[in-house]
Amino acid sequence: MAYRIALDSSSNVTALDGVEFASAPLTIITDERQFVDNETIDLDAMLKYLSAYKGRSSTSCPNVGDWLNAFADAEGVFVVTITSALSGSYSSAMQAREVYLQMHPDRKVCVLDSLSTGPEMALIAEKLRELINSGLGFEEIETEIRNYMAEHSHLIFVLKSLNNMARNGRVSPIVAKAVGLLGIHILGEAGSKGTLESLHKTRGEKSAVKLMVEEMKKRGFKGGKVRIAQCQNSTGAVAFANLIREEFPFCDIHVTHTTGLCSYYAEIGGIMVGYESE
Ligand code: X90
């Protein structure tokens, strides 16, 4: 059976070597413009436009058709979505699954709610690729990946602004109130129910990245894989990566940039980190 991996664009993953892969786009919407989070998006132009724009803005998840396009014609599809606690992407992928299985009753589609987003989804996709290429059957892969997601993959992040999260009601008013204060960084994680949980409010990025490493270790990080997505903050991301390497010199770390959806919500300066625990 030929397998395919489909992620929504909140993963920031635009290509995945060695396996069939597709991304289903989310969209960033203002009263005047729309930015579809696919390979055509001009991120610098979007961020520049948004920082000058004073009106309403929001986002929307992939629709059923977008997901069906991402499934293409595969015999077996593994789908990973952004947390269902904050987006309709999971529910839309489940509807696409129904349609797909009606058209092709002999095929298989497994839709996984990441209860997270960004670089944790990238880790899940990499693990799926490893499982697929090791020749396991569909159900075995599903069991293994659910275990990986429940026990070993995590998301932690530091953000300089939560304006767009607050504006769209995706974060509690208590958390939202703490931001906007000059120089305050919010350190948070994807909680077990798939919502944003705030861990620390701290002044200055240096202390924020240090705290991030400490929190990772508290959660069982012992030098496993680390995937970083930054929004116009490669300096901060590299400083954080170097801090990890001081303690874990052989750690497998990759730094990329956020694409449209995560750039909109993590905002300029944001650093998102997917990591593995033992
Ligand atoms: O369906 C939609 O319109 C998408 C809504 C997405 C809302 C959340 C995006 C979060 C992006 C911000 C930091 C990480 C928060 C993680 C919480 C689990 C990145």
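This report walks through a few spots in a predicted model.

## Ground rules

The model is predicted, with local features needing pLDDT of at least 70 and side-chain atom pairs counting only at pLDDT 80 or more, while totals for chains, interfaces and linings use all residues. Residues are numbered from 1 along each chain as its sequence is written, and side-chain values use heavy atoms, leaving out hydrogens and water.

Helices here are DSSP runs of H or I with at least four residues, strands are runs of E with at least two, and both are numbered from the N terminus.

## Strands 3 and 5

Let's begin with a strand pair. Strand 3 (residues 27-30) runs antiparallel to strand 5, with four bridges between them; for two strands to pair, DSSP has to find at least two bridges. Isoleucine 28 has threonine 59 of strand 5 as its bridge partner.

Strand 5 covers residues 57-60, with Ser57 and Thr59 on its covered face and Ser58 and Ser60 on the uncovered one. In a regular strand, side chains alternate between the two faces of the sheet.

## Aromatic pairs

Rings of Phe, Tyr and Trp (its six-membered ring) pair if their centres lie within 6.5 Å; planes under 30 degrees apart are stacked, over 60 edge-to-face, and the rest tilted. The count comes to 10 aromatic pairs. In one of them, phenylalanine 35 and tyrosine 49 have ring centres 5.6 Å apart and planes at 50°, so the pair is tilted. Phenylalanine 35 sits in strand 4 (residues 34-36) and tyrosine 49 in helix 1 (residues 43-52), so this pair ties together parts 14 residues apart in sequence. Phenylalanine 35 is buried at 6% relative accessibility, and tyrosine 49 is buried at 15%.

Phenylalanine 78 and phenylalanine 138 make a stacked pair, 4.4 Å centre to centre with 20° between the planes. Phenylalanine 78 is buried at 0% relative accessible area, as is phenylalanine 138 at 5%. Tyr3, Phe78 and Phe138 form one aromatic cluster.

## Two buried polar residues

Glutamate 276 belongs to strand 13 (residues 271-276) and is buried at 16% relative accessibility. Its side chain makes a 2.6 Å polar contact with that of tyrosine 148. (A polar contact is a pair of N or O atoms within 3.5 Å; within protein, one must be able to donate a hydrogen and the other to accept it, and residues adjacent in sequence count only if both atoms are side-chain atoms.)

Serine 263, in helix 10 (residues 260-266), is buried at 1% relative accessible area. Setting aside residues up to four places away in sequence, serine 263 touches Leu43, Met46, Leu47, Cys231 and Thr258, where contact means heavy atoms within 4.5 Å.

Terms used:
Buried means under 20% relative accessible area, exposed over 50%, partly exposed in between (1.4 Å probe, protein chains only).
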